[in-house]
Amino acid sequence: MTVVSFADVAVDFGDTTLLRNVGFTVAAGERWGVVGRNGAGKTTLFRLITGDLAPTRGTVVRPAALRIALLDQLRHFGQAVTVWDAAAAGYREAMVLERDLAQQADRMAELGDRVDQTDLERYGRDQERFAHLGGYEFHSRVDAVLQGLGFNPAEAKTRPIETLSGGERGRVGLAAPLAAPADLLLLDEPTNHLDLDTIRWLTEYLGTLGETVIVISHDRAFLDDTVDHVLHVANATATPYRGGYSAFVTQRVERELSQQRAYDKQRTVIAKEEEYIRRHIAGQNSAQAKGRRTRLNRLPRLSPPAGEAGAMSLRLQIGERGGDQVVVAEHMGVRVADRALLTEVSVAARRGDIVALIGPNGVGKTTLLATLLGERAPAEGSARLGASITPAWYRQDLAGVPVDESIFDVIHELRPQWNRGQVQGHLGAFGFSGDEVQRSTTTLSGGEQARVALAMITLARANLLVLDEPTNHLDVESIEVLEDAIEEYEGTVLLVSHDRAFLRELATRVWSLEDGTLIDYQGPFVEWEQVQDERRRADSARAAATAEQQREANRKAKRPARTESRRKADGRDAARKRGALEADVAALENRIADLETQLTAPSLYDGSGKGAADAAALGRELAETQARLDAAMSTWSELADES
C-alpha cells in the first residue's frame, strides 16, 4: 500500500524555487532517510507530507485516514504538565475516554440493578472505541519509550516539564511521536543530543515498529542501521535511492560518473557535427550540412552533473609543533557542588592522538574538558597542558560565537590586518558569500553558527583541538569535510561525539566515562565497539544464567521453619487475604450470573449485526470473568490449605 506519493512537486517562495520536479513513492513499512545540506529543503518535504504546506505545482497524495506522528526541530508540549503526559501526547483522546469510562463504571456500580440498557450500550461502545485508540496498551508503550530514553516512568508521572534540562526536553519531545499510534512516523534529527546507548536503543526500537518511517538525519551510522531507502535533497530537487546510507554513497558516485560520461560523449558528438557543418555548409555538401545543423539544433542538451553550491572548505593548521605530552592528568578528581563526577583520573594525551571522549549524557564530559583545559580547578590531583600547547575549544552550545555581531566583524576582529577581500574569501570557504557576511550572528541557524565557529577555530592555528559535539548542527556533507580536515590535522584532538561513523573514521583512542571513573582504551573506536559488544553479550549470558539459577533455587527451596509469633501473624494475614478473596469471589459470581442473564436476552439473536456484536462482547467478558473467578478460587484454596 502506498503511504505517500510525490508527483512532479515544486515549491516556490517568491522568485526563489526551493524544490522542483520532485517525485518518489513511499510504501507501507519502508524506512526512508532524507539527507542533504542545511537549507536544501528537507524540512519542507515534511511540511508537504503533513499538509502544512501546499506545493506550488504537482501533487502530494496520501490516504485520507493516514495517522502521522511528527518530531520536528522545535519541542512543543502543549498543555502537558508532567513528563509522562508529554510523552503520551498521542493518546490524549484515549486518556480522556479512560477517565470517562472509569466514571461510567463507578456510576453503574452505584446503580446496581437499576442500570438501564442505554448505559450498558454506551459503556460497550466506549470500550470498543477505547480499544481502537490503543487504550489497553498505551500505558505500557509510553513507559517502554520513556525507559529507553533514560527516564524513570514512575517518576515521569509526577515530574514537571519545567524541571527538564535542554537535553531532557529533546528526549521527551522524541518520546511523544515514538509512543504515538501512527501509520507514518516523521523524525527530524532524532539523534541530536542522544548518547551512544540511547541511539542504540532507538535503532532497535525503530526496528521493532511496523510503522513506516521517514527520518531526516546527519548520523550516517544510524541511517545505515535504520533505513532501506535514501532521498537525497540537492540542487533544488530530490533523488531517491535504494538501500542504506553506504549504498546511497556508492550509487550517487556511480550516477554522477554515468551522467558525466554521457555529457562528455554528447559534447564529443556535437563538436564533430559542428566541425562537419563548418567545413561543408558552403560547399558541395551544403544540403547535407544544413540538414545536420537542423538536427543538431533540435538535439536536447545534457547538463553536466551539478555540484552543490556553498559546500564548506576547511583546513586545520598548527602554528607550532608543541610538546609530545599534550594533556596530562594525575590522580585527578572532578566535582560539581557536592557531587563527585570522576575520581582518580590519570591519563595523558600525546601529540597526534585523536581521543574519543564518550559516556552517557550528564556524566560530566564537558566538565572534564573544562578541568583539563584549566577553566576549572580539579577537586583533587592535578591537570596540566604540555609545553607550548595552544588549545582551541569548539563548544557544544556554540558559546564561542559572539552575540549580535556581523559575521564579517567576527572574523575581522580576529584578523584586523586583513582587508575586506581576505575576510570575505575566508568566509566564502565556509559557505558565506556576498551580502551574507553582513548578517548578524543572532539571526543564524544552528548549522550557520557552527560554520562560523569552525571559521574562527581555523584562525587559531592551535595544536590542540577540543571539539565538543561538532557534528550536532552540521549536515552530512559538512561533517565529511570536517572529517577530512581532522584526518590531515597534525595536532592533537579531544573529541566528544555520539556520531559513530565520525568516531569510527577518526578516533585512535577512547576515554570512556563509566561509573565515576575514566577508562583509557588505547585502541581505535572500532575496536572499543567490538569490546563493548562482547561485554554486553557476556553480561546478558551471565544475567540469564543467574536468573535460571534463582528460579531453580526457588523451586527447590523448602518452606522455612516459622516461630509461633510468626505463625500467628501469618494466620492473621491469611485470614485477611481469605476475607478479601471471599468478597472478590462473591462479586465475580454475581457478575457471571448477570452476564448469563444478559446472554439469554432474545434481542441479541434477532439476526442484526449489532445483536451479534453485543453477544460476542458479552461472551468474551463472561469468559474473562470466569477465568478470574477460577484464579481467585485457586488462591483461596491455597490459603485455606496453609492455615
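Me: Which residues does Leu206 touch, not counting residues up to four places away in sequence?
Reply: This is a predicted model, where local features need pLDDT of at least 70 and side-chain atom pairs count only at pLDDT 80 or more, while totals for chains, interfaces and linings use all residues. Residues are numbered from 1 along each chain as its sequence is written, and side-chain values use heavy atoms, with hydrogens and water left out. Contact means heavy atoms within 4.5 Å. Leaving out residues up to four places away in sequence, Leu206 touches Arg31, Leu178, Leu185, Leu187, Val213, Phe222 and Thr226.

Me: Which residues touch the most other members of the largest nonpolar core?
Reply: A nonpolar core joins buried Ala, Val, Leu, Ile, Met, Phe, Trp, Tyr and Cys residues through side-chain atoms within 4.5 Å. Buried means under 20% relative accessible area, exposed over 50%, partly exposed in between (1.4 Å probe, protein chains only). Among the 52 residues of the largest core, those touching the most other members are Val142, Leu146, Leu178, Leu187 and Leu206.

Me: How many of the 14 residues of H7 are buried?
Reply: Among the buried residues of H7 are Glu168, Arg171 and Leu178. What covers the buried residues of H7 includes H5 and helix H8 (196-208). H7 is largely enclosed by the rest of the structure, because the number of its 14 residues that are buried is ten.

Definitions and conventions. Helix = DSSP H or I, 4+ residues; strand = E, 2+ residues; numbered from the N terminus.
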